[in-house]
Amino acid sequence: MTEVEIATGTARDDIKQLQRDYLFPCLSTYYADPLIPVAADGVRLRDADRREYLDLFAGILTTSVGHCHPDVTEAVRAQASELGHTSSLYVTEPQARVAERLAEITPGDLRQTYFTNSGTEAIETAITLACCHTGRSEIVSLRHGYSGRSALAQDLTALSSWRPLGRRIAGITQVSAPYPYRAPFDYGSEEELVDFYMSELEDVISTTTTGKPAAFIAETILGVGGYIVPPRGYFQRAAEMIRSFGGLLIIDEVQAGFGRTGDHWFGIEHWDVEPDIMVMAKGVANGYPVAATIATPDVAASWTAKTISTFGGNPVCMAAASATLDVLAREEAPANATARGAQFMEGLRQLQDRHEWIGEVRGLGLMIGVEIVEDPKSKRPDGARAAALLGAAREEGALVGLGGLHGQVLRIGPSLLITEAEVAEGLERLARACAQVSD
Ligand SMILES: Cc1ncc(COP(=O)(O)O)c(C=O)c1O
């Protein structure tokens with residue numbers, strides 16, 4: 001890790017003051033005393049106080065191969081010295097090559113990609129494309145879902161804390177999240193629960209839309225919502241349901257993609273479902289701004305109006321994506337996510353045995369949520385203890401995230417290359433943090 005010479009107390013306070021003076025106050029940062037990272041390497045991150053942390057949140061699940069991976073850094077350096085920008089008005093090999101790679105690893109006949117700079121834009125592209133293809137305008141999304149920060153994405157999002165205004169976009173309707181821990185009744189089997197969600201989906205489409213929706217959009221694991229894993233069979237049935245109404249299935253893999261959930265490249269592959277459109281971002285380029293909307297050729301052909309993206313497909317970002325995908329494949333990231341995820345879950349379940357305020361430990365691969373409740377019987381969300389735990393984890397030298405409607409879910413999503421020893425270290429740090437916030 002390189003030394004960075006800004007770690008004087010004055011400089012730190014200056015930076016915080018600059019942030020307060022010149023950035024929007026709504027730009028929410030973690031911790032009462034915000035963290036100022038200055039350098040990072042792999043799963044280690046150092047702040048302006050020269051404190052080192054184990055980064056278990058990876059810039060919101062984005063540094064998929066670890067901070068400043070040398071292959072990615074070198075690819076960026078080489079491309080930036082050769083050709084830094086073109087706009088989408090020209091054809092570039094880096095963009096075409098990444099699109100080819102995505103077609104190879106995504107499920108089914110998903111083949112043609114539109115590159116943008118953020119998950120939000122990729123969602124916008126997916127929704128517009130679904131509307132172009134079907135000639136319809138209504139969309140069904142999931143409660144507890146998060147889609148981004150444009151007007152459309154805010155309205156698709158169904159978490160009140162992330163919506164600054166009332167609804168502005170017509171034609172969006174929402175159904176219950178497939179959230180087994182908070183199921184509305186005591187279910188006997190996952191099938192029974194899926195039956196419930198499907199009858200609700202059918203009812204919502206039939207009663208709150210014209211009965212002709214353009215698409216159903218869902219995250220495979222709800223991320224900001226608190227790493228909610230749907231019951232088995234949910235996605236097969238949801239795909240059948242939306243298609244029975246003539247709509248498309250849009251799957252958001254912004255958080256769950258690129259090996260994060262273990263065994264497969266994409267979360268939806270756990271359920272053997274082929275979406276019509278898929279949205280990706282975050283982990284694809286290890287922190288460089290790349291997002292992608294991929295569709296079947298038939299669907300992609302439906303967008304006939306002109307459209308450009310000045311920065312989308314930028315050669316430097318594409319070089320970062322290529323290098324990241326190379327490393328993920330070479331290091332067998334999906335298999336590592338399975339193994340290290342299992343290790344993490346086992347350790348966290350031992351912590352759950354010790355602390356009854358840990359209501360549930362859930363997840364797939366290295367996308368793990370720890371839901372904090374007042375007590376296991378009432379399951380009332382305990383956002384205050386979760387926030388205290390976030391701070392205690394920092395004090396113990398571990399960075400994690402928060403999610404859930406009430407901020408009650410601790411989110412863990414480190415680099416997919418994390419080692420066994422690093423997971424063990426993370427568990428020790430989190431155990432100490434849990435002890436700190438226990439009564
Ligand atoms: C599932 C999901 N979709 C979309 C987005 C929006 O992505 P971005 O912040 O890159 O615009 C996010 C961001 O966290 C996300 O988690």
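This is a predicted model: local features need pLDDT of at least 70, side-chain atom pairs count only at pLDDT 80 or more; totals for chains, interfaces and linings use all residues.
User: Thanks. How far is a polar side-chain atom of lysine 282 from an oxygen atom of the ligand?
Analyst: The distance is 2.9 Å, so this pair falls within the 3.5 Å limit for a polar contact.

User: And glutamine 255, what's the distance there?
Analyst: One of the polar side-chain atoms of glutamine 255 sits 2.8 Å from a ligand oxygen. For glycine 119, a backbone N or O atom is 2.8 Å from an oxygen of the ligand.

User: How much of the ligand does the protein bury?
Analyst: The protein buries 84% of the 390 Å² that the ligand exposes when taken alone.

User: Which residues are around the ligand?
Analyst: They are Ser118, Gly119, Thr120, Tyr146, Ser147, Gly148, Glu219, Asp252, Val254, Gln255 and Lys282. By type, the shell has six polar, three charged and two nonpolar residues.

User: Switching topic: which domains does the chain have?
Analyst: Domain 1 is made of 9-65 + 332-437, and domain 2 covers 71-330. Over C-alpha atoms, their centres are 25 Å apart.

User: How many residues are in contact between the two?
Analyst: On the domain 1 side 39 residues touch 37 residues of domain 2.

User: And how much area do they bury between them?
Analyst: About 3,000 Å², with 58% of it on carbon and sulfur atoms. Leu364, Met367 and Leu405 supply 22% of what domain 1 buries against domain 2, more than any other three residues.

User: Which residue does glutamate 371 form a salt bridge with?
Analyst: Its partner is arginine 182, and their closest N and O atoms are 2.7 Å apart.

Note on methods: Residues are numbered from 1 along each chain as its sequence is written. Side-chain values use heavy atoms; hydrogens and water are left out. A residue is near a molecule or strand if one of its heavy atoms lies within 4 Å of it. A polar contact is a pair of N or O atoms within 3.5 Å; within protein, one must be able to donate a hydrogen and the other to accept it, and residues adjacent in sequence count only if both atoms are side-chain atoms. Accessible areas come from the Shrake-Rupley method with a 1.4 Å probe; for residues, only the protein chains shown count as cover. Ala, Val, Leu, Ile, Met, Phe, Trp, Tyr, Cys and Pro count as nonpolar, Asp, Glu, Lys and Arg as charged, and the others, Gly among them, as polar. Domain bounds come from an automatic or database domain assignment. Contact means heavy atoms within 4.5 Å. Buried area is the accessible area (1.4 Å probe) that two parts lose on being put together, summed over both. A salt bridge is a side-chain nitrogen of Lys or Arg within 4 Å of a carboxyl oxygen of Asp or Glu.
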